[in-house]
Amino acid sequence: MIASLPMYDRPETAAAHDAFWALIRDHAAQEGLDLPPLTRGDDLWAQWEDPQMVLSLTCGLPYRARLKDKVQIVAVPDYRLPGCPPGYYASHIVVRADDQAIGPEHWPHKRMAFNELRSQSGWAAMLNHAFGLGTFFASAKETGSHREASRAVAEGRADIACIDAQTWRMISAYDGWADALKIIDTTEPTPGLPLITAATTPPETVALLRRAVAAAVRDLTDSDRAVLHIHDLVDVPAQAYLDVPTPAPEDATAA
């Protein structure tokens, strides 16, 4: 079996994630399911599409674009993000702190940095928000991560980026360049990152996994919860993910 919790895992949160996973494994073992150690650093698509994948965390865009027929949603962690319903999240649009040309009318002159094309929070949310305002960008550059997108703006290599609000919490806490940035807008909430298991996982195992994760969320220490910000586990229907529009890459700079 393969298990991973990759989306908010970074050196400063690794110990809390390990403690969270230990709780999940303990509760699963009490019901007779032996879960593997966490996998870190491997190709995410290979993990998500492996029929032996027992539990992982993905993003809404990969789910609706490629994984929907290969995985099942177990549940969705709730991070209690301001302005978001339980199990939903939004993204903050950030620019340099000294940038005064921040209105949508200025965005066609701005270089957008984004984490990757498979990201709901960094790519789809940004473009859907911009299109709703009737605007677009001068260029769009893929950086590989939210951290690098925000850093590119802070260092002047880009002008604007869209950062998942939970990731922004971590960037604000751990990355010094956050002080050089400011939030100018926030996107509409969309369904949050779902915990998934392979489509071949039996229904009784899916139910067991949900119970194990819910119990682990309940049993988190105050210190680990303060790092991970996980407060509950909720159910979000699969259709809610499929209903979110996915912009095409060429749309970012289209008038």
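## Close-up views of a predicted model

**View 1. Ala138 and its contacts.** Leaving aside residues up to four places away in sequence, Ala138 touches Trp107, Pro108, His109, Lys110 and Thr253. The model shown here is predicted. Ala138 sits in the loop between helix 4 (120-132) and strand 7. Trp107 is 31 residues from Ala138 in sequence, yet their C-alpha atoms are 7.4 Å apart. Is Ala138 buried, partly exposed or exposed? Its relative accessibility is 43%, so Ala138 counts as partly exposed.

**View 2. The open sheet 7-6-8-5-9.** Five strands make up this sheet, and their pairing is mixed. Which strands lie at its edges? Strand 7 (139-142) and strand 9 (181-186) do, each pairing on one side only. From one strand to the next, the twist averages 30 degrees. Backbone hydrogen bonds pair the strands of a sheet, either parallel or antiparallel.

**View 3. Strand 5 against strand 8.** Strand 5 (residues 91-96) and strand 8 (residues 160-164) run antiparallel. Four bridges join them. Within this view, His92 stands opposite Ile163 in strand 8. Helix 5 (residues 146-154) packs on the sheet. Its contacts are with strand 5, strand 6 (111-114), strand 8 and strand 9. The direction of helix 5 makes about 150 degrees with that of strand 8.

**View 4. Helix 6 across the strands.** Helix 6 (residues 165-174) lies across strand 5, strand 8 and strand 9. At what angle does helix 6 run to strand 8? The angle is about 100 degrees.

**View 5. The open sheet 1-2-11-3-12.** This sheet is also built from five strands, with mixed pairing. Strand 1 (2-3) and strand 12 (232-234) are the edge strands, and each pairs on one side only. Strand 3 (residues 71-78) pairs with strand 12 in the antiparallel sense. Three bridges hold this pairing. Pro77 stands opposite Leu233 in strand 12.

**View 6. The largest pocket.** Its volume is about 660 Å³. The lining counts 30 residues. Which of them lie nearest the centre of the pocket? They are Pro6, Met7, Tyr8, Asp9 and Ser145. Helix 2 (44-49), helix 5 and helix 6 each supply at least two residues of the lining. Helix 2 gives the most, with three residues.

**View 7. The largest cavity.** The structure holds two cavities of 30 Å³ or more. The largest cavity contains about 80 Å³ of space. Its lining consists of Leu5, Met7, Tyr8, His17, Phe20, Leu57, Pro77, Tyr79, Leu195 and Ile230. Met7 and Tyr8 line this cavity and are also among the residues nearest the centre of the largest pocket.

**View 8. Cysteines without a disulfide.** How many disulfides does the structure hold? The number is zero. For Cys59, the nearest cysteine sulfur is that of Cys162, 11 Å away. Cys84 is in no disulfide either. The cysteine sulfur nearest to that of Cys84 again belongs to Cys162, 12 Å away. Cys84 is buried, with a relative accessible area of 16%.

How values were computed
Residues are numbered from 1 along each chain as its sequence is written. This is a predicted model: local features need pLDDT of at least 70, side-chain atom pairs count only at pLDDT 80 or more; totals for chains, interfaces and linings use all residues. Side-chain values use heavy atoms; hydrogens and water are left out. A disulfide is a pair of cysteine sulfur atoms within 2.5 Å. Buried means under 20% relative accessible area, exposed over 50%, partly exposed in between (1.4 Å probe, protein chains only). Two strands pair if DSSP finds at least two bridges between them. Axes are lines fitted to C-alpha atoms, for helices over the stretch in contact, and angles run from 0 to 180 degrees between N-to-C directions. Contact means heavy atoms within 4.5 Å. On a 1 Å grid over the protein atoms alone, a cavity is a set of points where a 1.4 Å probe fits but cannot get out, and a pocket is an open set with protein on both sides within 12 Å along at least five of seven lines; lining residues have an atom within 4 Å of a point. Grid points are joined across faces, edges and corners, and a volume is the space filled by probe spheres set on the points.
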